[in-house]
Amino acid sequence: MSSHCRNSGRLLFILCVIVYLCACDREKREYRTAPLPENGPHAETLSALQPGASAPPASDPRGREYENNAYHINQGERLYRWFNCNGCHAAGGGDIGPALMDDQWRYGGNIDQIYATIMDGRPFGMPSFRGKIPDTQAWEIAAYVRALSGNVPKDAAPSRREGMSATPPLSQTPKQPPKNSEQEPPH
Amino acid sequence: MHTLKYALIWALMASRAFAAGGAAPADGAWTMPAKDYASTRFSTLDEIKTDNVDKLQVAFTFSMGVARGQEAAPLVDNGTMYLVAPYPNTLYALDLTKPGAPVKWKYEPHPEQASQGVACCDHVTRGAMLWENKVIFNTLDGHTVAVDASDGKELWKTKVGDINSGESTTMAPLVVRGKVLIGNSGGEFGVRGWLIALDANTGKQAWKAYHTGPDSDVLIGADFKPFYDTDKGHDLGVSTWPPDAWKTGGGTAWGWISYDPDLNLIFYGTANPSPWNAEQRPGDNKWTAGIFARNPDTGQARWFYQFSPHDLYDYDSINENLLLDLTIDGKPRKVIARPERNGYLYVIDRASGEVISADPYGVVNSSTGVDLKTGRLQYNDEKKPEVGKVVRNICPTAPGAKDWNPSAFSPRTGLIYIPHMNLCMDWEATPVNYIAGTPFVGADVRMFAGPGGNRGVFTAWDPVARKARWETKEDLPLWSGALATAGDLVFYGTLDGWFKAVDAHDGSLKWQFKTGSGIIGQPVTYRGPDGHQYIAILSGVGGWAGAIVVGKLDPRDKTAAKGMVNAVTDLKDRTTAGGTLYVFALPK
Amino acid sequence: MNALQSALAPAADQAQAIDGIWHLMLWICVPMYVLVLIGMAVVILRMRRVAPEFTPATPSDTQISRGLTLWVIVIVAGLIVLTLGSFFVDRRLIPGAQADVNIRITAQQWWWRVEYVSADASQRFMTANELHLPLGKTVHIDLMSGDVIHSFWVPNLSGKRDLIPGRTNTIELTPRQLGTFRGQCAEFCGLQHAKMAMLVFVDNENDFKAWWQRQVQARNELPSDVAKQGEQLFVSSTCAMCHTVRGTTAGSLAGPDLTHLASRHTLAAGALPLNAGSLAAWLADPQQQKPGTNMPTIDLEPDQLNALVAYLLSLK
């Protein structure tokens with residue numbers, strides 16, 4: 001009996017430590033990143049075709065940090081509304097702009113590509129926010145957009161949605177990896 | 001007796017319409033989307049009638065080349081049909097004198113690609129206007145173009161709007177006394193609404209009237225004599241807004257303009273104030289969500305009436321104004337009949353701006369009625385939106401009991417044929433930031449079917465008796481215009497692609513045809529070079545109602561397309577994007 | 001200036017009432033406390049003098065019971081007075097039906113959005129982190145929150161009242177003394193809770209009206225070319241994504257309205273005094289001044305920074 005107690009106590013302690021350690025990373029807040037040069041991942045390609053031997057795509061290490069971090073994803077959610085992203089993409093279902101909660105990506109669905117889409121704009125109506133949205137905030141928005149289609153770790157995704165709760169919590173959104181998509185333009 | 005009375009009215013009206021048209025086109029032509037300046041969409045052609053319409057068959061078709069919402073009306077004159085496609089707004093002229101109506105010429109305006117990002121509800125255009133051998137139309141990126149109707153050569157092109165501030169141009173221009181009248185779209189982007197008049201021969205600006213701001217900008221001067229006291233005063237376009245909010249206050253004019261040559265007045269409505277979140281713009285928000293009467297030569301306002309003061313629900317007032325001469329209480333009255341987005345059918349004296357009657361033609365709980373003494377809409381406090389609160393079950397919805405899709409009037413029956421919707425919505429106002437060129441809305445909305453479960457209704461309304469004569473329930477919301485003919489038929493289309501002809505007297509279905517895609521266009525009829533009557537309609541789902549299909553939106557988000565997606569979640573399974581002209585005739 | 005933030009220097013009817021109950025409590029509780037201490041001291045001293053063996057105090061039973069009864073009566077009376085006092089003070093703090101001035105405050109992490117309300121829509125305006133109140137007038141402040149729970153507390157004027165997301169609380173203030181008072185968020189609301197302050201200026205009516213008239217205006221004419229460059233930068237860059245300057249295209253409400261920034265006295269909700277030096281420091285690196293604030297650090301060249309400072313300081 002008592003050994004059982006001791007065992008479960010030890011287990012609880014170990015669990016607490018694990019949870020504590022996980023939580024550290026999950027919400028790690030870096031308020032003051034060194035001013036980043038405004039030249040994000042331009043190495044992103046939009047085509048799967050490359051002449052000659054294909055090189056592995058270059059990816060920006062910052063992307064991974066942002067999309068694994070609950071604080072940044074939450075900030076992204078706030079900024080998504082502040083900067084009227086919801087005006088065109090609604091809560092992810094789309095409106096003037098395409099849906100962001102599905103597996104269809106006209107310009108690529110990894111975080112580097114989403115970052116590039118926000119910063120550079122796209123020719124069929126997506127404005128370019130370069131010089132308007134600071135680098136760190138664009139990464140945060142991109143991380144949130146990834147969360148809309150369930151492509152961030154479950155423990156980093158917000159477990160609650162504000163307001164009318166049009167869609168289920170993002171931590172319950174099924175993961176929808178980007179698929180090969182039919183391309184814009186429709187005309 | 002009844003028929004006789006209306007026949008008389010119709011004769012009066014018809015004579016006016018043709019007198020106004022300058023060189024009166026044969027009634028077989030269709031030179032402006034609304035058919036005539038009175039916006040009746042009534043044709044005197046009667047070859048196709050109730051007892052032979054069941055034989056109607058396809059005469060020819062034509063692909064518009066764009067699988068986007070086709071809201072335009074085909075225009076016909078001199079044996080040629082003119083079609084404007086949604087963005088990229090290619091203009092086609094089809095030669096009706098040859099078999100199969102081959103392309104005579106086409107004109108490509110090459111609008112700015114990015115303009116698709118500021119078009120609130122699909123990349124639509126509502127058509128062109130034929131005037132003195134010119135085809136005049138707007139491109140999505142804020143340009144007005146005049147093209148030679150014989151050979152497709154560009155005559156002039158004038159920039160009227162700026163996409164970087166969120167402006168686009170989707171309406172069909174109207175030419176009145178040599179002035180091309182155009183309004184902007186962009187009420188969801190916080191633009192400042194205006195109506196501009198260009199010289200039809202040169203494209204040079206004649207006047208521009210804003211719909212917010214000081215009287216000098218609104219072209220309110222000594223001639224301005226509104227009927228109601230609330231519209232009288234100095235610079236109301238400034239003082240009924242928080243400081244400077246009128247600069248981003250919306251009140252665009254993207255709908256329909258009518259013209260009365262006797263009074264020499266144009267009538268058109270102004271759209272919703274921006275943003276949708278009404279808490280950010282306390283005050284009456286003049287001159288949005290109302291109707292202006294203006295002198296077309298100078299632009300000076302004659303009167304104004306506000307349908308939805310301090311609009312709470314995006315009730316744009318851009319709907320069509322049918323200019324009718326009715327006998328009301330034994331007196332002949334020159335009126336505007338208007339199925340308004342807020343759910344009331346208004347009958348307004350068009351000389352003075354007095355509201356004669358306003359009766360709900362659909363389910364309305366957002367307001368309790370219109371006070372005919374003050375003219376003021378009585379909002380229902382229970383349904384008043386507040387930031388941080390979800391207000392449930394508001395009817396009608398943001399697109400209104402009826403949106404832009406125009407109704408028709410048949411002088412033979414005295415009825416207005418209204419294709420409209422039966423939807424309600426939940427609404428949560430949210431704080432919104434004005435960032436030029438991005439949407440300025442501030443409301444999370446989800447829509448759903450209204451009482452009864454049918455999402456669309458086709459109503460035949462008697463404006464004198466102030467009640468519906470008959471109603472046909474439609475499963476899907478109606479987003480197409482209506483057409484009435486002297487064959488006592490009324491035509492309209494549905495979102496899943498059925499093109500229908502119903503009896504003008506009782507609404508019984510006489511004929512229907514399933515087109516390739518959903519119909520949100522404006523049916524027209526004309527007499528072909530062979531002397532026979534034809535019916536034409538563009539098929540191609542889209543617009544706000546069809547955004548779920550053409551925009552490939554995700555129905556899991558109930559607020560997608562400003563809540564419209566939630567009302568038509570099944571539409572993706574019932575139709576696909578398209579863009580085809582269908583022309584029907586009786587077999588030879 | 002000692003009285004800048006003190007509940008003991010009441011400058012409004014409401015704070016006066018609270019001050020009254022405070023003094024009432026003081027004057028009832030202190031004598032009670034002293035009496036208890038005296039009683040205890042007497043008992044302790046007497047126990048020392050008497051013999052160690054226990055002797056029941058039979059002869060003076062009635063005396064003791066009389067004394068205890070009196071003591072209970074004193075306690076009950078004191079409590080009744082305190083209860084009644086606090087009841088009546090509470091009633092005085094309930095906002096009445098009418099107010100001369102209506103204000104809405106929306107608390108944000110970590111600043112106060114202030115909106116002056118008027119039945120005439122064109123006389124409304126927004127400001128931030130500063131209140132101006134007219135002397136002797138009744139002011140109603142509707143309190144709301146844009147994110148988490150905050151609490152509005154200007155001790156010289158009234159007690160605390162929470163700002164809760166999804167509901168509206170109202171506080172009434174009737175200032176009776178000219179001067180400047182400091183308020184502070186009184187409910188922990190996140191990392192920069194401590195730097196969420198506000199200043200309240202009680203003006204005479206003419207000054208208040210003049211101030212209101214000034215605030216309603218769009219931004220004034222820019223005095224210099226540098227300021228014009230600053231505005232160009234402001235409206236075309238990150239600034240306009242969050243801030244409003246009326247009279248320009250910048251119209252976002254995410255951050256404080258800056259139309260009349262230079263008429264205010266502090267920056268970042270009381271975190272810094274408003275002057276060229278602190279403004280430049282704030283713009284150059286807000287995350288150092290107030291880590292975690294939603295104002296981002298952006299890349300600014302020195303001449304851009306100078307232009308922005310010149311511009312913002314010209315917004316009187």
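This is a predicted model: local features need pLDDT of at least 70, side-chain atom pairs count only at pLDDT 80 or more; totals for chains, interfaces and linings use all residues.

Q: What box do the C-alpha atoms of chain B fill, and what percentage of its residues is buried?

A: The box is taken along the principal axes, and for chain B it is roughly 65 × 55 × 50 Å. Of the 588 residues in chain B, 65% are buried.

Q: What share of the contacts in chain B joins residues at least 24 apart?

A: Here one takes the contacts between residues at least 6 apart in sequence; in chain B, 63% of these join residues at least 24 apart.

Q: How many helices and strands has chain C, and what is its radius of gyration?

A: Chain C contains eight helices and twelve strands. A radius of gyration is read against the value for a compact globule: for 316 residues that would be near 20 Å, whereas chain C has 27 Å. The box filled by the C-alpha atoms of chain C is roughly 95 × 45 × 35 Å along the principal axes. Buried residues account for 37% of the 316 residues in chain C.

Q: How do helices H6 and H8 of chain C pack, and at what angle?

A: One considers the angle, the distance between axes and the handedness. Helix H6 (residues 276–284) and helix H8 (residues 302–313) of chain C pack at about 125°, with their axes 10 Å apart. The crossing of H6(C) past H8(C) is right-handed.

Q: Which residues make this contact, and of what class are they?

A: H6(C) contributes Ala276(C), Leu279(C), Ala280(C), Leu283(C) and Ala284(C), while H8(C) contributes Leu305(C), Leu308(C), Val309(C), Leu312(C) and Leu313(C). By class, the contact has ten nonpolar residues, with no polar and no charged ones.

Q: How many residues of chain B are in contact with chain A?

A: An interface is read from both sides. Here 39 residues of chain B contact 28 residues of chain A. On the chain B side, strand E28 (423–429), strand E29 (443–449) and helix H4 (547–550) each supply at least two residues. That side comprises 19 nonpolar, nine polar and eleven charged residues.

Q: How many residues do chains B and C each bring to their contact?

A: Chain B brings 16 residues and chain C brings 17. The side of chain B that touches chain C has nine nonpolar, six polar and one charged residues.

Technical notes: Residues are numbered from 1 along each chain as its sequence is written. Chains are lettered from A and ligands numbered from 1 in the order in which they are written. Two residues are in contact if their C-beta atoms, placed from the backbone, lie within 7 Å. Helices (H or I, at least four residues) and strands (E, at least two) are DSSP runs, numbered from the N terminus. Ala, Val, Leu, Ile, Met, Phe, Trp, Tyr, Cys and Pro count as nonpolar, Asp, Glu, Lys and Arg as charged, and the others, Gly among them, as polar. Axes are lines fitted to C-alpha atoms, for helices over the stretch in contact, and angles run from 0 to 180 degrees between N-to-C directions. A crossing is left-handed if the near helix is turned anticlockwise from the far one by less than a right angle, and right-handed if clockwise. The radius of gyration is taken over C-alpha atoms; the globule rule is 2.2 Å times the number of residues to the power 0.38. A residue is buried if 20 or more other C-beta atoms lie within 10 Å of its own, exposed if 12 or fewer, and partly exposed in between; C-beta atoms are placed from the backbone.
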